[in-house]
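Open the model in a viewer and keep the sequence panel beside it. The stops below say what to select and what is there.

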Amino acid sequence: MSFAVFGIAGSALTAQSARLNAVASNLANADSIAGPDGQPYRAKQVVFKATAVEGGGLGVRVTQVVNSAAPLRMQYDPSNPAADEKGYVAMPNVNVVEEMVNMLSASRAYQINAEVMNAAKASLQKALSIGQ
Amino acid sequence: MYVKFLARHLLYGRHKYVTLRQIAMIDRIDQDLNLYRAALGLRAERQKLLASNIANADTPNYKARDIDFKSALAGALSGKGEDGQLNMARTQSAHLASATDTLWGAQARYRAEYQGSADGNTVNLDIERAAFAENSMRSDAVITFVKGRFDDLKLALQRE
């Protein structure tokens with residue numbers, strides 16, 4: 001019954017969809033040998049931070065998007081023009097299984113926060129009927 | 001307060017003036033509704049806390065918090081905090097908030113950890129969702145009670 005709930009749950013919706021965007025980018029580029037800088041694509045991870053919202057309570061915010069520190073996947077493919085002198089091609093460090101789990105987790109969290117918003121809306125509407 | 005306005009409106013409509021006895025009556029109506037006001041305010045505060053817990057289910061090092069409703073309500077009704085001390089009010093946005101304080105003198109406490117996670121987060125989504133649903137139901141119940149109380153008061157204020 002407080003409007004701050006919309007700010008809290010809304011911030012979580014924004015943060016989770018940013019995470020979902022990062023997952024989509026990682027999965028789309030799971031085999032991109034060269035990114036915009038000519039280097040192999042590196043998996044992007046979002047960093048969540050609890051942040052105070054107007055009206056009290058703690059929302060969540062994406063403070064930065066970091067590149068995964070995992071080592072690049074070295075694949076033996078001497079016929080590839082991008083291969084080094086030993087015949088290995090540096091592939092992106094995207095872990096597809098991890099990304100799928102991340103995707104499920106982000107999508108479930110998004111749904112739950114949308115439900116929180118709906119429940120808060122129903123409560124507020126009920127409170128508005130006091131005195132009528 | 002809405003009740004005062006309503007009562008004054010009803011009284012002025014018939015007598016054009018308000019007597020001391022009528023003012024005393026209005027104050028009693030106000031006191032009567034105090035419990036519902038405190039209960040509803042605390043339910044709103046708890047809803048904010050639980051929404052914060054759910055929003056931060058994936059935030060590293062976030063610790064889930066909740067209030068003890070019974071003692072918080074007793075504190076809100078007595079105008080003091082749970083520890084018997086007067087509440088401190090934040091009158092400026094620049095005033096620092098402590099990690100555990102909320103409005104209405106309710107002390108937010110960290111939830112006991114059920115199952116630890118590697119990132120230091122203590123939110124258990126099942127517990128939080130159940131608590132959120134329970135809190136919504138109970139606040140709906142308070143609203144139903146307060147509506148019933150208003151209906152009673154309106155009936156009592158009517159001329160036969």
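This is a predicted model: local features need pLDDT of at least 70, side-chain atom pairs count only at pLDDT 80 or more; totals for chains, interfaces and linings use all residues.

Of the 160 residues of chain B, 27% count as buried.

**Chain A as a whole**

Now select chain A. This chain has 2 helices and 4 strands, in the order α-β-β-β-β-α. The radius of gyration of chain A is 21 Å, well over the 14 Å that the globule rule gives for 132 residues, so chain A is more spread out than a compact globule. Its C-alpha atoms fill a box of roughly 80 × 20 × 20 Å along the principal axes. Of the 132 residues of chain A, 27% count as buried. For contacts in chain A with a separation of 6 or more, residues 24 or more positions apart account for 62%.

**The two helices of chain A**

Select residues 4-28 of chain A, which form helix H1, and residues 96-128, which form helix H2. How do these two helices run relative to each other? H1(A) and H2(A) pack at an angle of about 160°, with 9 Å between their axes. Angles over 145 degrees count as roughly antiparallel, and H1(A) and H2(A) are therefore roughly antiparallel to each other. Their crossing is left-handed. Sorted by class, the residues of this contact are 17 nonpolar, 6 polar and 2 charged.

**A glycine in a loop of chain A**

Next, pick A:Gly56. It sits in the loop between strand E1 (44-52) and strand E2 (58-67) of chain A. Is A:Gly56 buried or exposed? A residue is buried if 20 or more other C-beta atoms lie within 10 Å of its own. A:Gly56 has 20 such atoms within 10 Å, so it is buried.

**Where the chains meet**

Show both chains together. In this pairing, 29 residues of chain B are in contact with 28 residues of chain A. On the side of chain B that touches chain A, helix H3 (34-55) and helix H5 (125-157) each supply at least two residues. That side of chain B divides into 16 nonpolar, 7 polar and 6 charged residues.

Take H1(A) and H3(B) as a pair. They pack at an angle of about 5°, with their axes 9 Å apart, which makes H1(A) roughly parallel to H3(B). To see the contact, select A:Ala4, A:Val5, A:Ile8, A:Ala9, A:Ser11 and A:Ala12 in H1(A), which meet B:Gln47, B:Lys48, B:Ala51, B:Ser52 and B:Ala55 in H3(B). By class this contact has 7 nonpolar, 3 polar and 1 charged residues.

Move on to H2(A) and H5(B). Their packing angle is about 10°, and their axes are 9 Å apart. H2(A) and H5(B) are therefore roughly parallel to each other. From H2(A), select A:Ile112, A:Val116, A:Ala119, A:Ser123, A:Lys126 and A:Ala127; in H5(B), their partners are B:Leu125, B:Arg129, B:Phe132, B:Ser136, B:Ser139, B:Asp140 and B:Ile143. The residues of this contact divide into 7 nonpolar, 3 polar and 3 charged.

**A loop of chain B**

Finish in the loop between H3 and E1 of chain B, where B:Pro60 is found. What does B:Pro60 touch, leaving aside its neighbours within four places in sequence? The residues in contact with B:Pro60 are A:Phe48, B:Asp119, B:Gly120 and B:Asn121. With 14 C-beta neighbours inside 10 Å, B:Pro60 counts as partly exposed. B:Ile143, already selected in H5(B), is 83 residues from B:Pro60 along the chain, with 37 Å between their C-alpha atoms.

The last stop is B:Asn61, in the loop between H3 and strand E1 (65-67) of chain B. Most residues other than glycine have a negative phi. B:Asn61 has a positive phi of about 65° although it is not a glycine. B:Asn61 is exposed, with 12 other C-beta atoms within 10 Å.

How values were computed: Residues are numbered from 1 along each chain as its sequence is written. Chains are lettered from A and ligands numbered from 1 in the order in which they are written. The radius of gyration is taken over C-alpha atoms; the globule rule is 2.2 Å times the number of residues to the power 0.38. Two residues are in contact if their C-beta atoms, placed from the backbone, lie within 7 Å. Axes are lines fitted to C-alpha atoms, for helices over the stretch in contact, and angles run from 0 to 180 degrees between N-to-C directions. Angles under 35 degrees count as roughly parallel, over 145 as roughly antiparallel, 65 to 115 as roughly perpendicular and the rest as oblique. A crossing is left-handed if the near helix is turned anticlockwise from the far one by less than a right angle, and right-handed if clockwise. Ala, Val, Leu, Ile, Met, Phe, Trp, Tyr, Cys and Pro count as nonpolar, Asp, Glu, Lys and Arg as charged, and the others, Gly among them, as polar.
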